[in-house]
Structures are given as C-alpha cells and as structure tokens.
Amino acid sequence: MTTDPRYPIGKFEPQPYSEKQKADWLRDLETLPGQLEQAIQGLDAHQLETPYREGGWTLKQVVHHVADSHINAYVRIKLALTEENPPIKTYEEKEWAELADVHTVPINVSLTLLHALHRRWLAAIKGLDQAGWERTMFHPVQEKNVTVWWMLGLYAWHGKHHLAHIQSLKEQKGW
C-alpha cells in the first residue's frame with residue numbers, strides 16, 4: 001500500500017508472461033465483480049455519494065467507472081484478437097463519470113453488468129495460446145503497441161486499484 005490516496009496499491013507495473021502470473025491476473029478478473037459487490041454492500045446513499053479522496057470520484061462514480069472502463073477493455077482485447085494491431089479508441093473517463101446514467105442509475109446495474117462482462121471476457125481469453133497473448137493494439141496515448149498480455153495485467157490491476165479506493169474510504173470512515 002502507498003500513502004498516495006490516488007494509488008492505494010501503487011501504479012501498474014507490467015510483468016513478464018508466466019503461467020503463475022496469468023493465473024493470478026485471470027483470478028483477479030474473475031473475482032472482481034463479487035469483491036466490488038461485497039465492498040459496497042450495506043452502504044447507504046449518502047455513503048455512496050462520498051468521494052474516496054478530496055477531489056476524487058464518489059464511490060458510486062467509481063463503481064460505474066469500473067464498468068465503463070472494463071467494457072472498453074473487453075472490446076479492445078476482442079479487436080486485438082480479430083484484427084491486426086487495431087488502434088485503441090480512447091474516451092474521456094472524467095466526462096463519462098459526469099453523465100446522467102452515472103448519477104441516476106443504481107450501482108447494482110453496473111455490478112450486474114460486471115458479473116456478465118467478466119464472465120464473457122474470461123471465456124474469450126482463458127484459453128489463449130502464447131500467440132494470442134502477444135497480439136497487439138496501438139495505444140495512442142502511450143504512442144506504442146501494447147499486447148493483450150499487457151492489457152490483462154493493466155485491467156487486473158485496475159479493478160484492484162478501484163476496489164482499494166472503496167476499501168480505503170470505508171476503513172478511514174469506520175464504515
């Protein structure tokens with residue numbers, strides 16, 4: 001754990017391919033929806049509208065953001081598995097977090113979506129061979145090609161990163 005509330009588990013650090021790392025990251029994707037659901041269970045509307053840090057998103061925005069982000073990751077990976085080095089379509093995540101659906105739709109909708117999405121996502125990638133993990137997509141923000149393997153690691157980290165935001169606030173507030 002770090003002392004920077006923006007990165008409670010530290011920043012993403014890519015790892016070389018290994019069967020153990022693959023199993024860990026796949027398990028992270030598999031368990032994230034249930035962990036998020038458990039983390040917000042019992043929180044009331046006021047608590048869900050509390051930012052996880054000063055200037056940060058509310059817990060409700062965090063949950064909806066994870067769904068938005070993981071939908072994008074799923075599509076990006078499927079494109080990389082079916083096209084030659086497709087460019088990643090970026091999106092303005094801060095603006096997405098302010099759209100009406102984030103403020104009006106209950107978070108259980110995003111949790112349900114994450115359960116279904118992660119099931120599909122895992123079915124699409126669990127059986128990949130080495131060539132599948134090495135397929136690439138072009139990341140315009142980073143201005144480089146990234147692999148499906150790198151994306152798996154990034155989104156395994158991403159889920160744990162936002163889960164830690166929720167858990168840290170709950171611990172800080174004594175909820």
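1. A salt bridge is taken here as a side-chain nitrogen of Lys or Arg within 4 Å of a carboxyl oxygen of Asp or Glu. Lys60 and Glu49 form one, with their closest N and O atoms 3.9 Å apart. The pair links distant parts of the chain, eleven residues apart: Lys60 is in helix H3, and Glu49 is in the loop between helix H2 (45–48) and H3. Lys60 counts as buried because its relative accessibility is 13%, and Glu49 counts as partly exposed at 40%. The cut-offs are under 20% relative accessible area for buried, over 50% for exposed, and partly exposed in between, with a 1.4 Å probe and protein chains only.

2. The model is predicted: local features need pLDDT of at least 70 and side-chain atom pairs count only at pLDDT 80 or more, while totals for chains, interfaces and linings use all residues. Residues are numbered from 1 along each chain as its sequence is written, and side-chain values use heavy atoms, with hydrogens and water left out.

3. How many salt bridges does the rule give? The count comes to seven. One of them joins Arg27 to Asp24, with the closest N and O atoms 2.5 Å apart. These two residues are three apart in helix H1 (residues 19–40), which means that about one helical turn separates them. Arg27 has 43% relative accessibility and so counts as partly exposed. Helices here are DSSP runs of H or I with at least four residues, strands are runs of E with at least two, and both are numbered from the N terminus.

4. Another salt bridge is formed by the side chains of Arg135 and Glu84, at 3.4 Å from N to O. This pair also links distant parts of the chain, 51 residues apart: Arg135 is in the loop between helix H7 (130–134) and strand S1 (136–139), and Glu84 is in the loop between H3 and H4. Arg135 is partly exposed at 24% relative accessibility, whereas Glu84 is exposed at 68%. Elsewhere, salt bridges that share partners join Lys20, Asp24 and Arg27 into one network.

5. Helix H3 covers residues 59–82, 24 residues in total, and reaches 35 Å from its first C-alpha to its last, close to the expected 34 Å. The expected span of a helix is 1.5 Å times one less than its number of residues. Is H3 mostly covered or mostly open? Mostly covered, as 18 of its 24 residues are buried.

6. Ile71 is found in H3 and counts as partly exposed because its relative accessibility is 32%. Together with Val75 and Leu113, Ile71 makes a nonpolar surface patch of about 200 Å². Patches are made of residues with over 30% relative accessible area and no salt bridge; like charges are joined within 9 Å, and nonpolar side chains (Val, Leu, Ile, Met, Phe, Trp, Tyr) within 5 Å. Accessible areas come from the Shrake-Rupley method with a 1.4 Å probe, and for residues only the protein chains shown count as cover.

7. The largest pocket holds about 810 Å³ of space. It is lined by 27 residues, and the closest to its centre are Tyr7, His65, Glu93, His158 and His162. H3, helix H4 (93–96) and helix H8 (148–173) are the elements that give two or more residues to this lining. A pocket is an open set of points on a 1 Å grid over the protein atoms alone, where a 1.4 Å probe fits and protein lies on both sides within 12 Å along at least five of seven lines; lining residues have an atom within 4 Å of a point. Points are joined across faces, edges and corners, and the volume is the space filled by probe spheres set on them.

8. Which element gives the largest share of that lining? H8 does, with eight residues. The end C-alpha atoms of H8 are 38 Å apart, which agrees with the 38 Å that its 26 residues should span at 1.5 Å a residue. H8 is mostly covered, with 20 of its 26 residues buried. Gly174 follows H8 and has a positive phi, near 70°.

9. Asn85, in the loop between H3 and H4, has a positive phi near 45° and is partly exposed at 29% relative accessibility. Glu143, in the loop between S1 and strand S2 (144–147), has a positive phi of about 55° although it is not a glycine; Glu143 is exposed, with a relative accessible area of 64%.
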